[in-house]
Amino acid sequence: MALARISRNWKPSSGTNSIIPFSKTSNPKTVSRILYLQSLTKADHMNFTGRMTRGIQGYRFGHAMRISETDNFHYASLDPTKPGDKPRVVVLGTGWAACRFLKGIDTSLYDIVCISPRNHMVFTPLLASTCVGTLELRSVTEPVGRVQPALAKHPGSYFYLASCTDIDTKKHEVYCETDDSIHGLSYEPYRFKVAYDKLVIASGAEPLTFGIKGVKEHAHFLREVSHAQEIRKKLLLNLMVSENPGVSEEEKERMLHCVVIGGGPTGVEFSGELSDFIVRDVFQRYAHVKNYVRVTLIEANEILSSFDVGLRQYAMKHLTKYGVRLVRGVVKEVQPQKLILSDGSVVPYGLLVWSTGVGPSQFIKSLHLPKSPGGRIGVDEWLRVPSVEDVFALGDCAGFLEHTGRQVLPALAQVAEREGKFLVELFNKKIGKQNAGKAYSAKDIDLGEPFVYKHLGSMASVGRYKALVDLSQSKDTGGVSMAGFVSWLIWRSAYLTRVLSWRNRLYVAINWATTLVFGRDNTRI
Ligand SMILES: Cc1cc2nc3c(=O)[nH]c(=O)nc-3n(C[C@H](O)[C@H](O)[C@H](O)COP(=O)(O)OP(=O)(O)OC[C@H]3O[C@@H](n4cnc5c(N)ncnc54)[C@H](O)[C@@H]3O)c2cc1C
């Protein structure tokens with residue numbers, strides 16, 4: 001019998017097998033879940049003892065053993081470190097926060113285990129550019145093995161391609177499941193657990209859909225490289241198919257109507273890229289249908305509400321000039337080829353991109369950890385989760401607890417990166433140096449100065465070689481703000497220097513140069 005799959009809402013048994021009374025259910029799914037939960041208490045755990053790959057059928061990673069088909073109550077584990085071993089830091093995620101932490105961690109002090117459903121970091125500020133071919137997808141990704149080579153080399157340090165589904169903070173264990181989105185697996189997803197000395201949660205956030213019907217099914221999100229790839233394919237498909245004989249005028253208009261929901265920086269940057277693509281590339285290469293292509297940006301309030309009012313106006317004027325229709329409206333429902341606004345108007349679309357901000361993920365919501373206002377994991381000024389030991393959280397999934405008197409920081413890469421930098425110094429210079437890396441050993445140590453965030457400003461490109469640069473620290477304090485071509489140069493240079501590796505900097509620079517000279521690559525692969 002194959003290993004029973006258990007819903008993501010599953011909670012660890014923490015040593016009890018009485019979570020759901022067995023007699024009260026006859027649902028086969030629930031029964032298999034109970035059997036699984038019961039099995040956790042008597043599991044004959046397999047250790048990950050080395051990195052060598054033995055010739056056992058069903059092996060997935062060099063060091064992780066798959067549960068045998070006939071033995072569904074056994075599951076693999078990475079057991080707690082022993083005295084004399086280096087402390088093990090388990091990091092959840094490979095985003096901005098996690099990668100900044102991984103990049104700087106002193107691997108002579110710690111073993112690192114990174115668990116994430118993707119093996120790379122995404123340089124999100126440039127993701128919109130990949131949707132229309134300004135940049136290649138590879139240019140905005142950084143493999144985690146390059147960020148922290150110890151993950152691929154050091155005995156005791158590993159990268160596991162899986163999602164964490166739960167955490168037992170008392171036992172210092174995380175529970176993981178191979179992700180069902182990983183294609184090509186010839187067997188059922190399975191679970192394993194990993195013991196930690198210190199846990200760093202940096203699992204990010206999820207797009208907000210406000211429970212609007214049809215969004216998840218029909219809209220494209222823009223958070224991952226695969227999303228950008230899907231958007232690009234869909235856009236090019238619509239352009240090509242609309243040229244086929246027999247496509248009605250009405251259908252052409254629908255197919256070539258790109259609708260973006262959400263006027264934050266991501267929505268605006270994507271609309272700007274699209275309008276640039278249309279003006280520069282579509283007009284040349286899809287001239288037969290160029291008059292049908294339209295971009296509409298729908299926003300419930302004001303676009304770029306976090307930017308200075310002058311910059312907002314500039315952006316609105318610029319986008320309108322280059323063909324982006326700005327509509328104020330609230331989406332009520334999304335259907336396969338049209339969406340309905342709350343005033344009853346119907347908007348047919350061929351491509352719909354949803355970008356209305358982020359909120360806590362299901363995983364974060366399901367954790368029994370204190371929460372900050374807004375539902376993120378609540379942390380103190382040192383990014384610790386104060387009610388439990390040895391757990392830290394940072395980036396989009398974390399926010400200051402109310403009692404700290406600090407505001408929850410915005411979901412930004414610069415916040416996540418700065419928090420990663422702070423935490424890695426805490427680990428290297430404070431926890432590590434005071435021999436407090438092992439579980440339950442950092443209770444009364446000196447942690448030094450708390451984390452302080454200073455906003456450096458915001459930038460957004462609006463297409464056609466124009467961008468906005470707002471260097472004010474907040475909306476209420478004044479500061480330098482500028483818009484136009486020079487801002488665009490600043491935007492490009494700033495992001496080029498932020499790209500994590502020299503290899504990617506080179507890729508990005510070459511992509512920008514080839515796009516400038518030859519136009520965008522519009523091959524639909
Ligand atoms: C298109 C776009 C453009 C942006 N532009 C900017 C910008 O210009 N400037 C700026 O400051 N910010 C920008 N942002 C916001 C910025 O990207 C985020 O604030 C930042 O990525 C947050 O970093 P993070 O590490 O908290 O989360 P993420 O970078 O989202 O990383 C989360 C990681 O956790 C992993 N994960 C998820 N669930 C689990 C789980 N259960 N177990 C283990 N791992 C898990 C994910 O696979 C991922 O690797 C942009 C965002 C997007 C989407």
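Helices are taken here as DSSP runs of H or I spanning at least four residues, numbered from the N terminus, and on this basis Trp491 is found in helix α13. The model is a predicted one, with a mean pLDDT of 84 for the protein chain and 82% of its residues reaching 70 or more. Where pLDDT is low, predicted coordinates should not be read in detail.

Helix α13 covers residues 485-498 and includes Val486. Trp491 has a relative accessible area of 2% and is therefore buried, the cut-off for that class being under 20%. Setting aside residues up to four places away in sequence, Trp491 touches Pro125, Leu126, Glu269, Met459, Ala460, Ser461 and Ala467. Val486, by contrast, has a relative accessibility of 48% and so counts as partly exposed. Together with Phe485, Leu489 and Ile490, Val486 makes a nonpolar surface patch of about 340 Å². An α-helix has 3.6 residues a turn, so that residues three or four places apart point the same way.

Helix α14, which comprises residues 502-518, contains Thr515. Thr515 counts as buried because its relative accessibility is 8%. Apart from neighbours within four places in sequence, Thr515 is in contact with Gly133, Thr134, Arg280 and Arg520.

In helix α2 (residues 96-104), the buried residues are Trp96, Ala97, Ala98, Cys99, Phe101 and Leu102. The cover over these buried residues of α2 is drawn from several elements, among them the strands β2 (88-92), β3 (111-116), β4 (120-122) and β10 (198-201), together with the helices α4 (144-147) and α12 (413-431). Cys99 itself has a relative accessibility of 1% and is therefore classed as buried.

A search of the whole structure for disulfides finds 0. Cys99 accordingly takes part in no disulfide, and the nearest cysteine sulfur, that of Cys114, is 6.9 Å away, whereas a disulfide would require the two sulfur atoms to be within 2.5 Å. Another cysteine, Cys397, is likewise assigned to the buried class because its relative accessible area is 2%.

Methods: Residues numbered from 1 in each chain as written. Predicted model: local features only at pLDDT ≥ 70, side-chain atom pairs only at ≥ 80, totals over all residues. Heavy atoms only, no water. Buried < 20%, exposed > 50% of the residue type's maximum accessible area, 1.4 Å probe, protein only. Helix = DSSP H or I, 4+ residues; strand = E, 2+ residues; numbered from the N terminus. Contact = heavy atoms within 4.5 Å. Patch = residues over 30% accessible without salt bridge, like charges linked within 9 Å, V, L, I, M, F, W, Y side chains within 5 Å. Areas by Shrake-Rupley, 256 points an atom, 1.4 Å probe, with all protein chains shown as cover. Salt bridge = Lys/Arg side-chain N within 4 Å of Asp/Glu carboxyl O. pLDDT = per-residue confidence, 0-100.
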